[in-house]
Amino acid sequence: MTVTQGRAAESGRAVPLPPGRLHIGGQWLPAADGRTAPILDPATGVELTRVAVAGPVDVDRAVTAARKAFDDGPWARMTPRERGRKLWRVADLLRARATEFARLESLDVGKPLAFTTTVDIPTVIDTFEYYAGLMAGLEGATRATAAPSFAYTRREPIGVVAAITPFNFPAILSATKLAPALAAGNTVVHKPAPETPLSALLFAELLAEAGLPDGVYNLITGDGPAGAALVAHPGVDKIAFTGSSAVGARVAAQAAATLKQVTVELGGKGANIIFADADLSAAIETAVGAFVFNTGQFCMSGSRVLVQRPVYQEVVEALGAAAAHVPVGDPFAEGVVVGPMAGPLHLAKVVSFLDEAASSGAQVIGGQRPDGPGFFIRPAVLPHVAQDSPLVQEEVFGPVVTVQPFDSEEEAIRLANGTRYGLSAGLQTRDVSRAHRVAAALNAGIVWVNGWALLDPAMPFGGTGASGYGRENGPEGLNAYLRTKSVVVNLA
Ligand code: NAD
């Protein structure tokens with residue numbers, strides 16, 4: 001099926017759409033009760049296609065298929081190198097279809113094509129290659145024990161992994177779970193977000209083409225109840241969840257009832273600290289990119305800028321000017337930096353934050369809604385917002401930034417650490433000692449110095465506090481899908 005109608009065709013973005021069915025045990029199936037839901041084009045609001053909505057019967061079928069593939073199939077028993085070769089093949093297939101993948105992700109999420117082709121899909125390929133390479137080094141260790149013995153550890157897969165992913169980076173966050181989970185020898189049931197499941201459907205096709213045995217990767221599209229049924233299912237051994245803090249807390253509580261292993265990667269409210277000694281033009285460019293990237297729908301968004309007082313006014317004015325001029329529009333149009341929000345509810349949430357701020361007397365620079373269809377909003381800058389304001393304390397998840405002044409390093413650290421989140425943070429400074437001192441003091445799973453969102457499959461990220469626990473990427477990301485068995489052979 002190809003999108004050839006309405007604005008999609010007008011703007012030349014005809015993209016082949018994968019079938020909107022579930023992928024269970026190697027087969028494409030409709031939902032058992034026949035339910036489907038519409039997928040909207042965020043740039044037009046028009047229905048693109050419909051996809052199956054999994055119910056409890058489908059969840060059970062998918063877990064059963066994954067269980068069987070883990071317990072009886074070859075995947076967990078292959079050598080790590082054999083599995084690694086399959087993952088290299090996945091990366092090769094992704095590279096061959098990178099353009100199609102990028103266009104599909106832009107269409108589904110509203111991300112500018114300029115980013116899906118240079119950031120999202122290359123990151124997905126990198127992630128598969130990184131874990132394929134890491135496989136060769138998947139080893140246990142020998143240990144010296146007091147008693148005469150030959151003692152060693154084995155690194156074994158955990159079993160059936162439920163991977164539950166959010167709407168904002170569908171392909172990247174699928175890869176950060178699937179690549180290490182599969183590399184480690186687990187089987188997977190994946191539930192992407194209901195708004196943006198299209199790249200996962202393409203993944204299912206590619207993973208099968210790469211030669212993964214049936215049932216190793218199972219895809220169920222659907223909403224919250226499908227996720228909850230997956231979390232509760234006794235056949236699941238581990239839950240890898242990325243999403244909001246509220247849902248993450250529910251998932252962790254529910255998983256505790258059946259003692260499943262859990263990692264929860266949740267919301268963020270990262271502070272970007274600009275010291276007066278920074279290279280100011282670079283720092284401002286970084287600050288703009290940090291809050292408008294992905295239309296602000298980024299757990300690591302630089303949505304709070306803290307600026308040392310001598311340069312505060314200059315930074316506010318520069319951010320305000322950028323908010324007025326950054327190109328907002330059709331994700332397929334050349335030069336567009338900010339696409340639409342991914343869905344009407346996400347847009348409504350951002351609008352309500354801004355309306356509330358304006359009605360309580362806050363200065364809002366930008367934030368207008370352009371005329372016409374689609375879920376667009378211009379970036380907004382809010383200077384002089386109080387630390388206890390909801391705009392500073394809560395995830396807005398849109399292209400909105402607050403700008404607060406500070407005087408001392410201590411005050412910057414106190415403000416930066418003054419929310420319930422702890423996912424990412426950044427600081428812009430030319431002072432090397434300060435860079436290391438402040439990086440150590442910030443409550444965040446990842447800190448960037450003189451930049452923002454400097455991410456790589458080799459570097460772990462994850463949260464503290466309301467941002468959750470667990471780490472993805474790097475060897476830590478692989479460890480999250482392995483358990484250690486000790487074997488001790490008596491030599492006496
Ligand atoms: P969400 O919590 O609404 O949904 C995430 C996923 O959970 C979806 O697939 C959803 O269908 C599913 N779900 C909903 N209710 C469930 C339940 N009761 N049990 C099991 N699964 C359930 O999040 P979202 O709106 O899709 O994504 C945005 C959020 O994700 C933001 O808070 C953002 O910060 C966060 N996020 C975090 C990271 C990270 O790495 N820390 C990365 C990206 C996004």
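Guide: On a 1 Å grid over the protein atoms alone, a cavity is a set of points where a 1.4 Å probe fits but cannot get out, and its lining residues have an atom within 4 Å of a point. The model is predicted: local features need pLDDT of at least 70, side-chain atom pairs count only at pLDDT 80 or more, and totals for chains, interfaces and linings use all residues. Residues are numbered from 1 along each chain as its sequence is written, and side-chain values use heavy atoms, without hydrogens and water.

Visitor: How many cavities of 30 Å³ or more come out by this rule?

Guide: The count is four. A volume here is the space filled by probe spheres set on the points, which are joined across faces, edges and corners.

Visitor: Which residues lie nearest the centre of the largest cavity?

Guide: R304, A416, Y421, S424 and N443 do, out of 15 lining residues. Strand 17 (421-422) and strand 18 (424-428) are the elements that give two or more residues to this lining. Strands are DSSP runs of E with at least two residues, and helices are runs of H or I with at least four, numbered from the N terminus.

Visitor: What makes up the lining of the largest cavity, in nonpolar, polar and charged residues?

Guide: Seven are nonpolar, six polar and two charged. Ala, Val, Leu, Ile, Met, Phe, Trp, Tyr, Cys and Pro count as nonpolar, Asp, Glu, Lys and Arg as charged, and the others, Gly among them, as polar.

Visitor: Why are helix 3 and helix 5 called roughly antiparallel?

Guide: Their axes, lines fitted to C-alpha atoms over the stretch in contact, are compared by N-to-C directions on a scale from 0 to 180 degrees. Helix 3 (residues 80-96) and helix 5 (residues 113-135) cross at roughly 165°, with axes that come within 8 Å. Angles over 145 degrees count as roughly antiparallel, and therefore these two helices are roughly antiparallel to each other.

Visitor: How do you know that strand 6 and strand 22 pair?

Guide: Pairing requires at least two DSSP bridges between two strands. Strand 6 (residues 149-157) and strand 22 have nine, in the antiparallel sense. Among the partners, T153 faces S486 in strand 22, and P157 stands opposite L482.

Visitor: What joins strand 5 to strand 6?

Guide: A hairpin through five residues. Two bridges also join these antiparallel strands, with R143 opposite A151 in strand 6.

Notes:
1 Å grid on protein atoms, 1.4 Å probe; cavity = no way out; pocket = protein on both sides within 12 Å on 5 of 7 lines; lining within 4 Å. Parallel < 35°, antiparallel > 145°, perpendicular 65-115°, else oblique.
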